[in-house]
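Please open the model in your viewer and keep the selection panel at hand. The stops below say what to select next and what is there.

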Amino acid sequence: MKLSVRMNQYTVSIQQQKAALRLWFTIGFIALNFVTVAAANETTLNLKPAQCIAIHQGKMCYVDIELQWQAQDKGEYCLYSSQQTEPLKCWRQTNHGQFEREIVTRHNVIFQLRQEKPAGVLISKELEMAWVYKRNAKARSSWRMF
Amino acid sequence: MKALLRGSITSLLLGAVLVNSASPMAEEATLDSNDENDRSGGYLKIGYGYKYEKTPYHDEKNGASMFLSGRYQFENGIYLEASHGANELSIGNSLGYNFYNTDHWSFDIHGMQAHGGTEMGFGFKKAGEEQAEFEILHMDRKATYMLGLRTTGTYDQTTFQFTIAPYSFNDEYDDGIFATAWVGHSWQLKNWEFHAMAGVNYRSEEIINYYYSTSDELIARNDPQLGAYRANGGFDVVGQVGVSYPVSENILFESYLRFTEVSDEISDSPVMQLFSDLDGRLENVSEFGILFSYVF
């Protein structure tokens, strides 16, 4: 008799879990749809590669970068970098674009996608500097650092 | 006269340390160490790759090779340097004290290996006893560690380095003099770094004779190839070109080619002439390496 009761309790418990699972599936489905809609509304800016690697800190670093951007609405957009005040490139009546260039720098470079009307920064990405020997030139007193 | 000269140089070196710790210059150097002249810090590089080496000192090396190099300087100026396996301009481990720096030059009390230990074996058979076993006579010599003064100058992409070491820790012979002079230049092409270096290593007659003069035991054998030999001081001349490329933030690709013309005072030694005539050996040293290393 005790065994039977336990079995009933077990069965009830399983049914409750299934109901809870259905609820979570429903919430998850709604949430996923919401996230997808939100992602579609987002402006994206992809930078490849994200790092420029030089041997010694302080030396010039050379990297061929590729930037791809996507906005929700067609409009006037310009791509800027922290290396210059003039835009790298501007686009008219489009919602996507691509830009390629060799970057030569000693410092991190920030890229910004700006909308012309209304004016404002939509998104930015940073090209980070990395060095194998992370010290200044003076610390390279060892002959072997060539 | 030579003993007097060595004594004077040693006194100068010790004097430099004392002056540094007791004079206003010490304060200046301490201030320097806190700003852009600070040399503290370092790196450790562990690598693996291909190495080809032909030399009179050992059999030809042609294959995979591991290597390690590193340098670390503490904030108080004491530093350690290590170079093992490949691309070694200095031998083994070094220990020193960086006591003064200027914008372009650093000055160190430098303890280094002036010559590695050697183990030579010579087999003898009496005429008419071809079936008999060789009798092996050994001529083994300890490594020589020396203490001296080293200065390194950097002007843009050009580096100079001079070392003079008058004090030897090897008690098996009188102090000799070990000295080096190097100049190197590097060029950057995109993220590739090319370099070229040339240098000379001088070892005085005491050092060369300790390692390369025929031992009395060998001379007593009266072998015409192993006669008595006395050398003068001699210069090894070294040239190297190389290239480096950063594969990632921690992985470095390096390749180098080096040629060392061994001093005639060493090459003319009867023991070295026997060894350099062996298969797979040369009178001088040629070395080539392609290495990938992880830099910490």
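Begin by selecting helix H3 of chain B, which lies across strand S5 (105-115), strand S8 (144-155), S10, S11 and strand S12 (234-246) of chain B and runs at about 30° to S5(B). Helices (H or I, at least four residues) and strands (E, at least two) are DSSP runs, numbered from the N terminus; axes are lines fitted to C-alpha atoms, for helices over the stretch in contact, with angles running from 0 to 180 degrees between N-to-C directions. This is a predicted model, in which local features need pLDDT of at least 70 and side-chain atom pairs count only at pLDDT 80 or more, while totals for chains, interfaces and linings use all residues. Residues are numbered from 1 along each chain as its sequence is written, and chains are lettered from A and ligands numbered from 1 in the order in which they are written.

Stay with H3(B), residues 205-212, and colour by burial: 6 of its 8 residues are buried, namely B:Ile207, B:Ile208, B:Asn209, B:Tyr210, B:Tyr211 and B:Tyr212. A residue is called buried if 20 or more other C-beta atoms lie within 10 Å of its own, exposed if 12 or fewer, and partly exposed in between, with C-beta atoms placed from the backbone.

Next, select the strands of the barrel in chain B, where 12 strands close in the order S1-S2-S3-S4-S5-S8-S9-S10-S11-S12-S13-S14, with antiparallel pairing. Neighbouring strands of this sheet are turned by 20° against each other on average, direction ignored. Two strands are said to pair if DSSP finds at least two bridges between them. For one such pair, show S10(B) (residues 178-189) and S11(B) (residues 192-203), which run antiparallel and are joined by 12 bridges; here B:Ser186 has B:His195 in S11(B) as its bridge partner.

S4(B) in turn pairs antiparallel with S5(B) over 7 bridges, and B:Tyr100 stands opposite B:Phe107 in S5(B).

What joins S4(B) to S5(B)? Zoom in on the hairpin, which makes the link through 3 residues, and select B:His104 in the loop between S4 (91-101) and S5 of chain B. Because B:His104 has 13 C-beta neighbours inside 10 Å, this residue counts as partly exposed. Not counting residues up to four places away in sequence, B:His104 touches B:Gly153, B:Thr154 and B:Tyr155, where contact requires C-beta atoms, placed from the backbone, to lie within 7 Å.

Now turn to chain A, whose 1 helix and 6 strands run α-β-β-β-β-β-β from the N terminus on. Buried residues make up 19% of its 146 residues.

Select the largest nonpolar core, a set of 21 residues in which A:Cys52, A:Ala54, A:Cys61 and A:Val132 have the most contacts. Such a core consists of buried Ala, Val, Leu, Ile, Met, Phe, Trp, Tyr and Cys residues joined through C-beta atoms within 7 Å. S3(A) gives the most to this core, with 7 residues. Finish at A:Ala54, which, leaving aside its neighbours within four places in sequence, is in contact with A:Lys59, A:Cys61, A:Trp131, B:Asn191 and B:Pro246.

Technical notes
Contact = placed C-beta atoms within 7 Å.
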